[in-house]
Structures are given as structure tokens and as C-alpha cells.
Amino acid sequence: MKDLILVIAKALVDHPEDVRVDVKEDDRGTVYQLSVHQSDIGKVIGKQGRIAKALRTVVSSAAVKSDKRVMVDIIS
């Protein structure tokens, strides 16, 4: 799952070397924290959050097999 997020995010940004994904487990499920360069935050979120929503949809669809709840947080 982490690799999937990395591949998608690196394709979107101008600074792919600054893309990082941290994984945290909590009571809600697995949280993937996507961190990008400050100037690339808008490219990952997109207009009206459409790209972020699409990224979250792809990740949650891929997580159906593992039967776990996953969330993607975007931080700068």
C-alpha cells in the first residue's frame, strides 16, 4: 500500500525526492501520512480536493482485500 501511494504521488509532483509516506497504526485503522514538498502540496490535493479524493479512493479500494480500514493524510 505504501508503494502504491509513493508511485502515484511521485508522478504528480515536481520534487519527487521529497515525497515520503509514514505508516501509523491506531484504533481507527492504518493511517498513511503522505508528506510532500511545500510547493507541491497543491498538486497532490488538486482543485477542490479532487486528486486527494481520487488517491484516497484508489488506496481504500486496494485495501478491500486486506479487510482493514485505511486512511491517507496529506501533510507538508
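Helices (H or I, at least four residues) and strands (E, at least two) are DSSP runs, numbered from the N terminus. What you're looking at is a predicted model, so local features need pLDDT of at least 70 and side-chain atom pairs count only at pLDDT 80 or more, while totals for chains, interfaces and linings use all residues. Residues are numbered from 1 along each chain as its sequence is written, and side-chain values use heavy atoms, with hydrogens and water left out.

**The sheet**

- Strands of a sheet pair through backbone hydrogen bonds, either parallel or antiparallel.
- Here, three strands form an open sheet in the order β1-β2-β3, and the pairing is mixed. (Two strands pair if DSSP finds at least two bridges between them.)
- β1 and β3 sit at the edges with a single partner strand each, so one side of each has no neighbour in the sheet.
- From one strand to the next, the twist averages 25°.
- Strand β1 (residues 20-26) runs antiparallel to β2, and the two share seven bridges.
- A hairpin of two residues takes you from β1 to β2.

- How many residues of strand β2 (residues 29-35) are buried? Seven of the seven are, so the strand is largely enclosed by the rest of the structure. (Buried means under 20% relative accessible area, exposed over 50%, and partly exposed in between, using a 1.4 Å probe and protein chains only.)
- T30 is buried too, with a relative accessible area of 5%.
- Leaving aside neighbours within four places in sequence, T30 is in contact with V23, K24, E25, K68, R69, V70 and M71. (Contact means heavy atoms within 4.5 Å.)

**Two helices packed together**

- Two packed helices are described by the angle between their axes and the distance between the axes.
- For helix α1 (residues 2-12) and helix α3 (residues 50-62), that angle is about 160°, and the axes are 11 Å apart. (Axes are lines fitted to C-alpha atoms, for helices over the stretch in contact, and angles run from 0 to 180 degrees between N-to-C directions.)
- α1 and α3 are therefore roughly antiparallel to each other. (Angles under 35 degrees count as roughly parallel, over 145 as roughly antiparallel, 65 to 115 as roughly perpendicular and the rest as oblique.)
- Who makes the contact? On α1 it's L4, I5, I8 and L12, and on α3 it's I51, L55, V58, V59 and A62.
- α3 also lies across β2 and β3, running at about 150° to β3.

- I51 is found in helix α3, and it is partly exposed, with a relative accessible area of 33%.
- Not counting residues up to four places away in sequence, I51 touches L12, K43, V44, I45 and G46.
- The C-alpha atoms of I51 and L12 are separated by 9.5 Å, although the two are 39 residues apart along the chain.
- Q48 lies in the loop between α2 (41-45) and α3.
- Q48 isn't a glycine, yet it has a positive phi of about 55°.
- Is Q48 buried or exposed? With 73% relative accessibility, Q48 counts as exposed.
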